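Open your viewer and get ready to click along. At each stop, you will select something and then read what is there.

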Amino acid sequence: QVQLTESGGGLVQAGGSLTLSCVASGTVLTIYAMGWYRQAPGKQRELVAFITSGGTTNYAEAVQGRFTISRDNAKNTVTLQMNSLKPEDTGVYYCNRGLYANSYRPGDYWGQGTQVAVSS
């Protein structure tokens, strides 16, 4: 059974940093692209960043230059380092296992989410 578990969310002041982790069980993440999404209150879930099996990364314009996605295949973990946080980064952050290795399309497996709140 595939499970994705996010952690690392919390309350932080604007300008601060958080590191989110997504640990997988029941699957080997090495062969999948992985994505991080967020959902703000009253808004649709949006893709924040993804990383392919080969390490190619892509970011939403709103987080470009502030967020960094990485993967540790030995630990079956994907990390989202978030710096220079803004109040508009507030939301629930989810990781997703993609369908393919070298390009990203969202798959069926999602974590339960971790809450990020940024105060002004």
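Start by selecting Cys22 and Cys95, which are joined by a disulfide with an S to S distance of 2.0 Å (a disulfide is a pair of cysteine sulfur atoms within 2.5 Å). The torsion about their S-S bond is about 60°, so this disulfide is right-handed. Now colour the two strands it connects: Cys22 sits in strand E3 (residues 18-25) and Cys95 in strand E9 (residues 91-98), 73 residues apart. Helices (H or I, at least four residues) and strands (E, at least two) are DSSP runs, numbered from the N terminus. Both Cys22 and Cys95 are buried; buried means under 20% relative accessible area, exposed over 50%, and partly exposed in between, with a 1.4 Å probe and protein chains only. The structure holds one disulfide.

A quick note on what you are viewing: this is a predicted model, in which local features need pLDDT of at least 70 and side-chain atom pairs count only at pLDDT 80 or more, while totals for chains, interfaces and linings use all residues. Residues are numbered from 1 along each chain as its sequence is written, and side-chain values use heavy atoms, with hydrogens and water left out.

Next, show the sheet. In what order do the strands of the four-stranded open sheet come? The order is E1-E3-E8-E7, with antiparallel pairing (two strands pair if DSSP finds at least two bridges between them). E1 and E7 are the edge strands, each pairing on one side only. Zoom in on E3 and E8, which run antiparallel and are joined by six bridges. There you can find Val23 opposite Thr77 in E8. Strands of a sheet pair through backbone hydrogen bonds, either parallel or antiparallel.

Now select Gly8, in the loop between strand E1 (3-7) and strand E2 (10-13). Gly8 is partly exposed, at 34% relative accessible area. Beyond its neighbours within four places in sequence, Gly8 is in contact (heavy atoms within 4.5 Å) with Leu18, Thr19, Leu20 and Thr114.

Move on to two loop residues with a positive phi. Asn76, in the loop between strand E7 (67-72) and strand E8 (77-82), has a phi of about 55° although it is not a glycine. Asn76 is buried, at 14% relative accessible area. Ser84 is in the loop between E8 and E9, and its phi is near 50°. Is Ser84 buried or partly exposed? At 41% relative accessibility, Ser84 counts as partly exposed.

How many salt bridges does a search of the whole structure find? It finds three, where a salt bridge is a side-chain nitrogen of Lys or Arg within 4 Å of a carboxyl oxygen of Asp or Glu. Arg38 meets Glu46 at 2.7 Å, N to O; Glu46 is partly exposed, at 39%. Arg38 also meets Asp89, at 2.8 Å. Arg38 lies in strand E4 (residues 34-39) and Asp89 in the loop between E8 and E9, so this pair ties together parts 51 residues apart in sequence. Arg66 forms a salt bridge with Asp89, with the closest N and O atoms 2.8 Å apart. Arg66 counts as buried, at 11% relative accessibility, and Asp89 is buried, at 0%. Through shared partners, these salt bridges join Arg38, Glu46, Arg66 and Asp89 into one network.
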